[in-house]
Amino acid sequence: MAIKKLSPVALATRDFYLRQADELIAKESSDTLKTIRNAAKLMFKEQAFPTQKDEHWQYTRLAQFVQKSFDSLQTAHVPNIDLHAYMPDFAVVKVVFVDGWFSEALSDDLSVLPAGVSLEPMTDTLSDSAGVAHVFNNEETILQEPMATMNSMLMTDGYYLQVSQNKAVETPLLVLHLQTQSGHMSALRNKVVVGENAEVTLLERYVSLVDDDSACTNVVTEIDVAKNALVKQVILQQQFHDAYYFNNQFITQAENSNFQTLFASSGSWIARHQNHLKMDGEHIENSQNSACVAKGKQTVDSRSFTEHNQEWGVSRQLHKYVLDDQSIGVFDGMIRVDRKAQKTDGQMDNKNLVLSHQAKMNTKPQLEIYADDVACSHGSATGQIDEKQVFYLQARGISRTDAVQMITKAFLLEPVEDIASNEIRQWITKEMTTALNATHIAQAHLG
């Protein structure tokens with residue numbers, strides 16, 4: 001593989017991260033981890049940063065990101081703060097990471113988790129060879145993603161969650177990520193293993209604690225959903241607007257399992273979230289939804305690659321964006337149906353509302369079907385608020401401002417309505433409504 005030609009700025013930034021990788025490799029005690037980091041380092045040295053010439057990065061431009069050098073080796077300083085403002089008003093098991101490192105001081109006592117359920121920092125999991133072998137068994141796939149390659153090279157901490165078969169975790173697990181240092185990169189590697197007939201709800205929230213937080217969060221999460229298991233996931237991304245967020249999720253489902261995920265985003269200069277989902281059994285169900293708000297010059301990018309590999313699979317996707325000012329939205333979704341995956345039912349929809357003439361939406365829903373007995377569809381629509389809808393509400397005594405707000409809120413929150421838990425649904429509704437209210441809804445251009 002030829003080394004990509006880089007600009008002097010990109011070359012200097014690449015070499016900065018390679019030096020960081022060298023420091024981590026020199027300190028690494030595990031030969032296996034050294035090999036993994038070195039393989040990622042070699043890949044990163046050759047390919048470095050994606051550009052607009054790369055098909056999957058055509059509209060998510062990293063020019064400003066490449067001009068910055070984020071230090072992944074900075075030690076975390078545990079802030080003496082009250083986390084109440086970041087907590088939902090219902091019971092959760094709290095797991096806190098500060099600048100990419102697990103904070104025992106801020107987290108709940110994880111030893112009280114039910115029998116058969118364990119959650120530990122990834123640094124603990126990787127302290128023995130068995131843990132390393134169990135976590136890093138999918139690197140060939142992971143290294144196909146540029147930011148995931150950087151994660152494998154620079155990863156520092158994360159979590160390992162295991163739910164044994166026949167165990168139902170009644171209380172949601174909340175993983176709270178706090179970014180406290182400007183110029184810092186959090187490189188998190190997570191692994192979730194849910195056994196047969198097990199059930200868990202996983203909430204993740206990403207926030208910044210400093211206003212000038214030009215920091216980066218780079219996450220790779222692998223989720224294994226066993227036969228008849230149920231996993232419900234909500235990711236709430238609210239970092240400050242100068243931050244960067246990259247998250248690659250690799251999900252594998254076994255027969256009769258169900259995986260439900262929602263990505264709700266309103267923060268970061270660039271927020272890119274991608275699900276790589278394999279349906280490797282019969283009668284699998286899943287839903288992958290997004291509710292995204294962007295303003296200023298933010299870019300929000302939500303992607304999915306869903307593989308139907310066996311019969312009777314059902315997948316549902318609804319991705320909705322509200323774009324203000326000069327923001328950019330990107331959606332790229334692929335449903336691939338293998339020739340063995342007869343009776344597949346795959347539906348994917350992307351709808352976008354632009355509040356200004358300068359906002360842009362780039363969308364690419366795709367189907368790749370090799371079976372002949374399927375029911376699959378995809379669609380996309382982008383537009384402005386319908387003047388007739390506003391007039392209808394005004395005719396009933398509602399002010400123009402309130403009418404526009406009602407229409408926009410109802411539009412954005414449709415994917416949120418799929419959340420089964422009333423408490424979680426209300427929490428996400430409140431947070432996304434707050435994000436909407438920070439846009440220029442009242443001055444929205446009408447179609």
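**Close-up views of a predicted model**

Figure 1. Side chains of opposite charge can pair when their charged atoms come close. In total, the structure holds 19 salt bridges.

**Figure 2. A salt bridge between Asp 108 and Lys 94.** The closest N and O atoms of Asp 108 and Lys 94 are 4.0 Å apart, and the pair forms a salt bridge. Lys 94 belongs to strand β1, while Asp 108 sits in the loop between β2 and β3 (117–121), so the bridge ties together parts that are 14 residues apart in sequence. Asp 108 is partly exposed at 32% relative accessibility, whereas Lys 94, at 16%, counts as buried.

**Figure 3. Further salt bridges.** Lys 351 and Asp 349 meet through their side chains in a salt bridge, with 3.7 Å from N to O. Lys 351 counts as partly exposed, at 32% relative accessibility, and Asp 349 is partly exposed with a relative accessible area of 24%. Elsewhere, a network of salt bridges links Arg 272, Asp 301, Arg 303 and Asp 332.

**Figure 4. The open sheet of 10 strands.** The strands follow the order β2-β1-β5-β7-β9-β11-β13-β15-β17-β19, with mixed pairing. At the edges are β2 (101–102) and β19 (375–383), each of which pairs on one side only. Strand β1 (residues 93–98) pairs with β2 in the antiparallel sense over two bridges, and Phe 97 stands opposite Phe 102 in β2.

**Figure 5. Two helices lying across the sheet strands.** Helix α9 (residues 400–412) lies across β13 (285–294), β15 (314–323) and β17 (345–354). The angle between helix α9 and β15 is about 150 degrees. Helix α10 (residues 422–437) lies across β5 (173–179), β7 (199–208), β9 (230–238), β11 (258–265), β13 and β15. Helix α10 runs at about 20 degrees to β9.

**Figure 6. The open sheet of nine strands.** Here the order is β3-β4-β6-β8-β10-β12-β14-β16-β18, and the pairing is mixed. The edge strands β3 and β18 (360–369) each have a single partner strand, so one side of each is left without a neighbour in the sheet. On average, neighbouring strands of this sheet are turned by 5 degrees against each other, direction ignored. Strand β4 (residues 159–163) pairs with β6 in the parallel sense over four bridges, and Gln 162 stands opposite Val 193 in β6. Helix α7 (residues 146–154) lies across β6, β8 (216–225) and β10 (244–253), at about 95 degrees to β6.

**Figure 7. The largest cavity.** Rolling a probe the size of a water molecule over the atoms shows where empty space is left. A search of the whole structure finds four cavities of 30 Å³ or more, and the largest holds about 60 Å³ of space. Among the residues lining the largest cavity are Phe 97, Asp 99, Gly 100, His 177, Leu 178, Gln 179, Tyr 206 and Val 207. Strands β5, β6 (185–194) and β7 each supply at least two residues of this lining. The largest share, three residues, comes from β5.

Definitions and conventions. Residues are numbered from 1 along each chain as its sequence is written. This is a predicted model: local features need pLDDT of at least 70, side-chain atom pairs count only at pLDDT 80 or more; totals for chains, interfaces and linings use all residues. Side-chain values use heavy atoms; hydrogens and water are left out. Two strands pair if DSSP finds at least two bridges between them. Contact means heavy atoms within 4.5 Å. Axes are lines fitted to C-alpha atoms, for helices over the stretch in contact, and angles run from 0 to 180 degrees between N-to-C directions. Buried means under 20% relative accessible area, exposed over 50%, partly exposed in between (1.4 Å probe, protein chains only). On a 1 Å grid over the protein atoms alone, a cavity is a set of points where a 1.4 Å probe fits but cannot get out, and a pocket is an open set with protein on both sides within 12 Å along at least five of seven lines; lining residues have an atom within 4 Å of a point. Grid points are joined across faces, edges and corners, and a volume is the space filled by probe spheres set on the points.
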